[in-house]
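I opened this notebook to keep a record of what I looked up in one protein model. The entries follow the order in which I checked things.

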Amino acid sequence: MQKKLAVAILNWNGKNWLEKFLPGVVQFSQNADIYVIDNLSTDDSVEFLQKNFPTVYIIKNDKNYGFAGGYNEGLKAVKNEYYCLLNSDVEVTENWTVPVLELLENNSSISAVQPKILSYHNKNYFEFAGAAGGLIDNLGYPYCRGRVFDDLEEDKGQYNDETEIFWASGCCFFIRSTDFWKQNGFDARFFAHQEEIDLCWRLINSGKKIYYTGKSKIYHVGGGTLNKQSVQKTYLNIRNNLSMMFKNLPFPQLIMLIFFRLCLDSVAGIYFGLKQGFPHLWAVIRAHFGFYTQLPGTWKLRQKYQKHQFYQSKWLIFKHFLGRR
(Lines give C-alpha, C1' and ligand atoms only; values in the text may rest on other atoms or scores of the structure.)
Protein backbone atom coordinates (compact mmCIF):
# COMPACT_ATOMS: atom_id res chain seq x y z
CA MET A 1 0.00 0.00 0.00
CA GLN A 2 1.31 3.43 -0.96
CA LYS A 3 2.25 5.62 2.01
CA LYS A 4 1.49 9.33 2.26
CA LEU A 5 5.16 10.34 2.20
CA ALA A 6 7.78 9.61 -0.41
CA VAL A 7 11.43 10.26 0.50
CA ALA A 8 13.19 10.87 -2.80
CA ILE A 9 17.00 10.94 -3.00
CA LEU A 10 18.59 12.22 -6.19
CA ASN A 11 21.80 10.37 -7.02
CA TRP A 12 24.61 10.97 -9.46
CA ASN A 13 27.71 8.83 -8.93
CA GLY A 14 27.02 8.90 -5.20
CA LYS A 15 27.42 5.27 -4.21
CA ASN A 16 29.63 6.22 -1.25
CA TRP A 17 26.94 8.55 0.14
CA LEU A 18 24.23 5.94 -0.36
CA GLU A 19 26.34 3.30 1.34
CA LYS A 20 26.94 5.59 4.30
CA PHE A 21 23.56 7.25 4.85
CA LEU A 22 20.79 5.26 3.12
CA PRO A 23 20.65 2.58 5.87
CA GLY A 24 19.69 5.28 8.38
CA VAL A 25 17.04 6.67 6.04
CA VAL A 26 15.52 3.20 5.69
CA GLN A 27 15.70 2.58 9.44
CA PHE A 28 14.10 5.87 10.49
CA SER A 29 11.55 6.32 7.67
CA GLN A 30 9.15 3.46 8.24
CA ASN A 31 6.22 5.78 7.47
CA ALA A 32 7.54 6.56 3.97
CA ASP A 33 8.18 4.98 0.60
CA ILE A 34 11.84 5.51 -0.31
CA TYR A 35 12.95 6.30 -3.85
CA VAL A 36 16.37 6.86 -5.36
CA ILE A 37 16.25 8.86 -8.58
CA ASP A 38 19.42 8.14 -10.53
CA ASN A 39 20.70 10.81 -12.93
CA LEU A 40 22.42 8.30 -15.24
CA SER A 41 25.32 7.55 -12.91
CA THR A 42 28.48 6.08 -14.38
CA ASP A 43 29.51 4.35 -11.15
CA ASP A 44 27.80 1.19 -9.87
CA SER A 45 25.22 3.03 -7.75
CA VAL A 46 22.22 1.31 -9.31
CA GLU A 47 23.71 -2.17 -9.04
CA PHE A 48 24.61 -1.47 -5.41
CA LEU A 49 21.02 -0.42 -4.65
CA GLN A 50 19.52 -3.43 -6.41
CA LYS A 51 21.73 -5.79 -4.46
CA ASN A 52 21.52 -4.23 -1.01
CA PHE A 53 18.24 -2.30 -0.74
CA PRO A 54 15.37 -4.37 -2.16
CA THR A 55 12.72 -2.17 -0.49
CA VAL A 56 13.99 1.04 -2.12
CA TYR A 57 12.36 2.03 -5.41
CA ILE A 58 14.83 2.98 -8.16
CA ILE A 59 13.92 5.48 -10.88
CA LYS A 60 16.41 5.78 -13.74
CA ASN A 61 16.63 9.09 -15.59
CA ASP A 62 17.89 8.85 -19.17
CA LYS A 63 20.55 11.54 -18.63
CA ASN A 64 21.99 13.85 -15.96
CA TYR A 65 19.35 16.57 -15.70
CA GLY A 66 21.02 18.30 -12.76
CA PHE A 67 19.33 18.79 -9.39
CA ALA A 68 16.31 20.74 -10.64
CA GLY A 69 15.58 18.78 -13.80
CA GLY A 70 16.54 15.49 -12.20
CA TYR A 71 13.83 15.80 -9.59
CA ASN A 72 11.31 17.08 -12.13
CA GLU A 73 11.87 14.01 -14.30
CA GLY A 74 12.09 11.44 -11.54
CA LEU A 75 9.11 12.64 -9.50
CA LYS A 76 6.77 12.15 -12.46
CA ALA A 77 6.65 8.51 -11.41
CA VAL A 78 6.04 9.23 -7.70
CA LYS A 79 2.36 9.52 -6.74
CA ASN A 80 2.53 10.00 -2.95
CA GLU A 81 0.71 12.90 -1.28
CA TYR A 82 3.90 14.44 0.16
CA TYR A 83 7.46 14.52 -1.16
CA CYS A 84 10.64 14.81 0.88
CA LEU A 85 13.53 15.69 -1.43
CA LEU A 86 16.58 14.57 0.53
CA ASN A 87 20.24 14.99 -0.34
CA SER A 88 22.24 11.77 -0.39
CA ASP A 89 24.81 13.20 2.06
CA VAL A 90 22.35 13.56 4.96
CA GLU A 91 22.16 11.66 8.23
CA VAL A 92 18.58 11.54 9.48
CA THR A 93 17.45 10.99 13.06
CA GLU A 94 14.74 8.98 14.73
CA ASN A 95 11.20 10.28 14.03
CA TRP A 96 12.61 13.02 11.80
CA THR A 97 9.55 13.00 9.50
CA VAL A 98 6.87 13.11 12.20
CA PRO A 99 6.87 16.84 13.18
CA VAL A 100 7.01 17.86 9.53
CA LEU A 101 4.04 15.71 8.56
CA GLU A 102 2.08 17.05 11.54
CA LEU A 103 2.54 20.60 10.24
CA LEU A 104 1.43 19.65 6.74
CA GLU A 105 -1.53 17.62 7.98
CA ASN A 106 -2.78 20.31 10.36
CA ASN A 107 -2.45 23.40 8.15
CA SER A 108 -3.50 23.21 4.51
CA SER A 109 -1.98 26.65 3.76
CA ILE A 110 1.54 25.28 4.35
CA SER A 111 3.11 23.99 1.13
CA ALA A 112 6.71 23.27 2.11
CA VAL A 113 8.63 22.57 5.33
CA GLN A 114 12.23 22.03 6.34
CA PRO A 115 13.71 20.63 9.58
CA LYS A 116 16.65 21.94 11.56
CA ILE A 117 19.80 21.32 9.50
CA LEU A 118 23.02 20.84 11.48
CA SER A 119 26.55 20.13 10.34
CA TYR A 120 27.52 16.48 10.11
CA HIS A 121 31.17 17.33 10.82
CA ASN A 122 30.43 19.74 13.69
CA LYS A 123 27.13 18.64 15.14
CA ASN A 124 26.73 21.52 17.58
CA TYR A 125 26.64 24.04 14.72
CA PHE A 126 24.17 24.80 11.98
CA GLU A 127 24.96 23.80 8.42
CA PHE A 128 25.32 26.21 5.51
CA ALA A 129 22.54 24.79 3.31
CA GLY A 130 19.41 25.82 5.19
CA ALA A 131 20.34 25.98 8.89
CA ALA A 132 17.11 26.97 10.73
CA GLY A 133 15.12 28.18 7.74
CA GLY A 134 15.78 30.43 4.78
CA LEU A 135 15.11 34.16 4.52
CA ILE A 136 15.99 36.85 1.95
CA ASP A 137 16.97 40.51 2.14
CA ASN A 138 15.73 43.46 0.09
CA LEU A 139 18.58 43.00 -2.41
CA GLY A 140 17.68 39.36 -3.03
CA TYR A 141 20.53 37.84 -1.00
CA PRO A 142 19.47 34.54 0.61
CA TYR A 143 20.48 33.84 4.20
CA CYS A 144 19.26 31.65 7.05
CA ARG A 145 18.40 31.77 10.68
CA GLY A 146 21.65 30.41 12.08
CA ARG A 147 23.73 31.29 8.99
CA VAL A 148 24.50 34.64 7.39
CA PHE A 149 26.75 34.29 4.32
CA ASP A 150 29.59 32.06 5.63
CA ASP A 151 29.11 32.70 9.37
CA LEU A 152 27.43 29.85 11.24
CA GLU A 153 25.85 29.90 14.70
CA GLU A 154 26.16 27.28 17.40
CA ASP A 155 22.90 25.47 18.09
CA LYS A 156 21.91 26.43 21.64
CA GLY A 157 18.21 25.80 21.20
CA GLN A 158 17.57 29.33 19.94
CA TYR A 159 15.73 27.95 16.89
CA ASN A 160 13.72 25.14 18.44
CA ASP A 161 10.54 26.84 17.31
CA GLU A 162 8.09 26.29 14.46
CA THR A 163 7.75 29.38 12.31
CA GLU A 164 7.05 30.72 8.85
CA ILE A 165 10.13 31.29 6.68
CA PHE A 166 10.75 32.47 3.12
CA TRP A 167 12.43 29.38 1.69
CA ALA A 168 13.04 25.79 2.71
CA SER A 169 16.36 24.16 1.92
CA GLY A 170 16.62 21.74 -0.99
CA CYS A 171 18.90 19.67 1.24
CA CYS A 172 15.77 18.36 2.99
CA PHE A 173 12.68 19.76 1.32
CA PHE A 174 9.20 18.54 2.24
CA ILE A 175 6.41 19.65 -0.10
CA ARG A 176 2.86 18.71 -1.02
CA SER A 177 3.05 16.91 -4.35
CA THR A 178 0.01 18.82 -5.66
CA ASP A 179 1.71 22.16 -4.95
CA PHE A 180 4.95 20.98 -6.53
CA TRP A 181 3.19 20.18 -9.79
CA LYS A 182 0.89 23.23 -9.73
CA GLN A 183 4.11 25.25 -9.98
CA ASN A 184 5.51 22.87 -12.64
CA GLY A 185 8.22 21.79 -10.22
CA PHE A 186 11.65 23.38 -10.19
CA ASP A 187 12.89 25.66 -12.96
CA ALA A 188 14.99 23.09 -14.82
CA ARG A 189 17.05 25.87 -16.45
CA PHE A 190 18.70 26.49 -13.06
CA PHE A 191 20.32 23.02 -13.18
CA ALA A 192 21.36 23.38 -9.51
CA HIS A 193 21.43 26.04 -6.75
CA GLN A 194 18.60 28.34 -5.64
CA GLU A 195 15.93 26.40 -7.51
CA GLU A 196 14.24 25.69 -4.16
CA ILE A 197 14.23 29.42 -3.27
CA ASP A 198 12.64 30.20 -6.61
CA LEU A 199 9.98 27.53 -6.07
CA CYS A 200 9.22 28.77 -2.55
CA TRP A 201 8.95 32.35 -3.84
CA ARG A 202 6.45 31.21 -6.46
CA LEU A 203 4.46 29.35 -3.82
CA ILE A 204 4.37 32.46 -1.61
CA ASN A 205 3.25 34.57 -4.57
CA SER A 206 0.38 32.11 -5.02
CA GLY A 207 -0.72 32.56 -1.38
CA LYS A 208 0.96 29.54 0.23
CA LYS A 209 3.23 29.38 3.29
CA ILE A 210 6.70 27.92 3.86
CA TYR A 211 7.56 26.63 7.34
CA TYR A 212 10.44 25.48 9.53
CA THR A 213 10.24 23.09 12.46
CA GLY A 214 12.96 22.77 15.08
CA LYS A 215 11.30 19.60 16.39
CA SER A 216 12.97 17.62 13.61
CA LYS A 217 16.69 17.60 12.87
CA ILE A 218 19.11 16.17 10.34
CA TYR A 219 22.88 16.38 9.81
CA HIS A 220 24.22 17.45 6.42
CA VAL A 221 27.75 16.90 5.12
CA GLY A 222 27.48 19.60 2.43
CA GLY A 223 29.43 20.07 -0.78
CA GLY A 224 28.75 16.50 -1.89
CA THR A 225 28.44 17.49 -5.56
CA LEU A 226 30.00 20.95 -5.85
CA ASN A 227 32.38 22.08 -3.15
CA LYS A 228 32.24 25.50 -1.57
CA GLN A 229 35.05 26.93 -3.71
CA SER A 230 33.69 25.59 -7.00
CA VAL A 231 33.81 28.03 -9.94
CA GLN A 232 30.67 26.38 -11.32
CA LYS A 233 28.90 26.98 -8.00
CA THR A 234 29.78 30.69 -8.19
CA TYR A 235 28.41 30.82 -11.74
CA LEU A 236 25.17 29.00 -10.93
CA ASN A 237 24.44 30.93 -7.75
CA ILE A 238 24.81 34.35 -9.40
CA ARG A 239 23.02 33.50 -12.65
CA ASN A 240 20.15 31.72 -10.91
CA ASN A 241 19.72 34.42 -8.27
CA LEU A 242 19.34 37.11 -10.95
CA SER A 243 16.86 35.01 -12.94
CA MET A 244 14.91 34.22 -9.79
CA MET A 245 14.57 37.90 -8.89
CA PHE A 246 13.56 38.85 -12.43
CA LYS A 247 10.89 36.18 -12.37
CA ASN A 248 9.43 36.91 -8.94
CA LEU A 249 9.97 40.58 -8.02
CA PRO A 250 7.13 43.11 -8.22
CA PHE A 251 7.65 45.16 -11.38
CA PRO A 252 8.16 48.60 -9.71
CA GLN A 253 11.19 47.21 -7.83
CA LEU A 254 12.51 45.07 -10.64
CA ILE A 255 14.59 47.35 -12.87
CA MET A 256 16.34 49.32 -10.14
CA LEU A 257 17.12 46.27 -8.01
CA ILE A 258 18.46 44.20 -10.90
CA PHE A 259 20.71 47.09 -11.95
CA PHE A 260 21.95 47.53 -8.36
CA ARG A 261 22.66 43.81 -8.05
CA LEU A 262 24.58 43.73 -11.34
CA CYS A 263 26.80 46.50 -9.94
CA LEU A 264 27.31 44.69 -6.63
CA ASP A 265 28.07 41.45 -8.45
CA SER A 266 30.79 43.25 -10.42
CA VAL A 267 32.41 44.38 -7.16
CA ALA A 268 32.07 40.84 -5.79
CA GLY A 269 33.63 39.45 -8.97
CA ILE A 270 36.72 41.64 -8.52
CA TYR A 271 36.92 40.52 -4.88
CA PHE A 272 36.60 36.85 -5.87
CA GLY A 273 39.24 37.34 -8.56
CA LEU A 274 41.73 38.83 -6.12
CA LYS A 275 41.03 36.31 -3.37
CA GLN A 276 40.36 33.08 -5.28
CA GLY A 277 41.78 33.67 -8.74
CA PHE A 278 40.68 34.83 -12.18
CA PRO A 279 38.36 31.84 -12.87
CA HIS A 280 35.97 33.11 -10.17
CA LEU A 281 35.92 36.61 -11.71
CA TRP A 282 35.23 35.02 -15.08
CA ALA A 283 32.44 32.95 -13.49
CA VAL A 284 30.69 36.17 -12.42
CA ILE A 285 31.00 37.58 -15.95
CA ARG A 286 29.68 34.35 -17.46
CA ALA A 287 26.81 34.35 -14.94
CA HIS A 288 25.70 37.81 -16.10
CA PHE A 289 25.70 36.74 -19.73
CA GLY A 290 23.90 33.53 -18.74
CA PHE A 291 21.23 35.68 -17.08
CA TYR A 292 20.85 37.81 -20.23
CA THR A 293 20.55 34.67 -22.36
CA GLN A 294 17.76 33.37 -20.12
CA LEU A 295 15.84 36.66 -20.07
CA PRO A 296 13.26 35.88 -22.81
CA GLY A 297 12.32 32.61 -21.13
CA THR A 298 12.37 34.19 -17.67
CA TRP A 299 10.01 36.94 -18.80
CA LYS A 300 7.51 34.32 -19.99
CA LEU A 301 7.67 32.63 -16.58
CA ARG A 302 6.85 35.78 -14.60
CA GLN A 303 3.68 35.19 -12.60
CA LYS A 304 0.64 37.43 -12.63
CA TYR A 305 1.03 38.36 -8.96
CA GLN A 306 4.20 39.11 -7.00
CA LYS A 307 4.55 39.55 -3.26
CA HIS A 308 5.33 43.22 -2.61
CA GLN A 309 6.89 42.82 0.86
CA PHE A 310 9.13 39.90 0.02
CA TYR A 311 12.13 40.44 2.34
CA GLN A 312 12.83 39.95 6.06
CA SER A 313 15.95 42.15 6.36
CA LYS A 314 17.29 45.29 4.68
CA TRP A 315 20.81 45.78 3.35
CA LEU A 316 22.13 42.53 4.77
CA ILE A 317 25.39 42.61 2.81
CA PHE A 318 26.33 46.06 4.14
CA LYS A 319 25.32 45.29 7.73
CA HIS A 320 27.30 42.07 7.69
CA PHE A 321 30.50 42.98 5.86
CA LEU A 322 30.77 46.67 6.80
CA GLY A 323 28.92 46.74 10.12
CA ARG A 324 30.20 43.27 11.16
CA ARG A 325 26.75 42.28 12.37
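**Ground rules.** I am working with a predicted model, in which local features need pLDDT of at least 70 and side-chain atom pairs count only at pLDDT 80 or more, while totals for chains, interfaces and linings use all residues. Residues are numbered from 1 along each chain as its sequence is written, and side-chain values use heavy atoms, with hydrogens and water left out.

**Whole chain.** I counted 10 helices and 13 strands in the protein chain, where helices (H or I, at least four residues) and strands (E, at least two) are DSSP runs numbered from the N terminus. Along the principal axes, the C-alpha atoms fill a box of roughly 55 × 40 × 40 Å. Buried residues make up 55% of the 325, with buried meaning under 20% relative accessible area, exposed over 50% and partly exposed in between (1.4 Å probe, protein chains only). Of the contacts (heavy atoms within 4.5 Å) with a separation of 6 or more, 77% come from residues 24 or more positions apart.

In helix H3 (residues 66–74), 8 of the 9 residues are buried, among them Phe67, Tyr71 and Asn72. The buried residues of H3 pack against partners including strand S1 (5–11), strand S4 (82–86) and helix H6 (195–205). For helix H4 (residues 98–106) I listed Pro99, Val100, Leu101, Leu103 and Leu104 as buried, and their cover includes S1, S4 and strand S13 (209–220).

**Salt bridges.** Taking a side-chain nitrogen of Lys or Arg within 4 Å of a carboxyl oxygen of Asp or Glu as a salt bridge, I get a count of 12. Lys116 pairs with Asp155, the closest N and O atoms being 3.1 Å apart. Lys116 lies in strand S6 and Asp155 in the loop between strand S10 (151–152) and S11, so this pair ties together parts that are 39 residues apart in sequence. Lys116 counts as buried at 5% relative accessibility, whereas Asp155 is partly exposed at 21%.

Lys247 pairs with Asp198 at 3.0 Å between the closest N and O atoms, linking helix H7 (residues 231–248) to helix H6 across 49 residues. Lys247 is buried at 2%, and Asp198 is buried at 0%.

In helix H8 (residues 251–276), Asp265 and Arg261 are 4 residues apart, which means a separation of about one helical turn. Their side chains meet in a salt bridge at 3.6 Å, N to O, and both residues are buried. Elsewhere, salt bridges that share partners join Asp187, Arg189, Asp198, Arg202 and Lys247 into one network.
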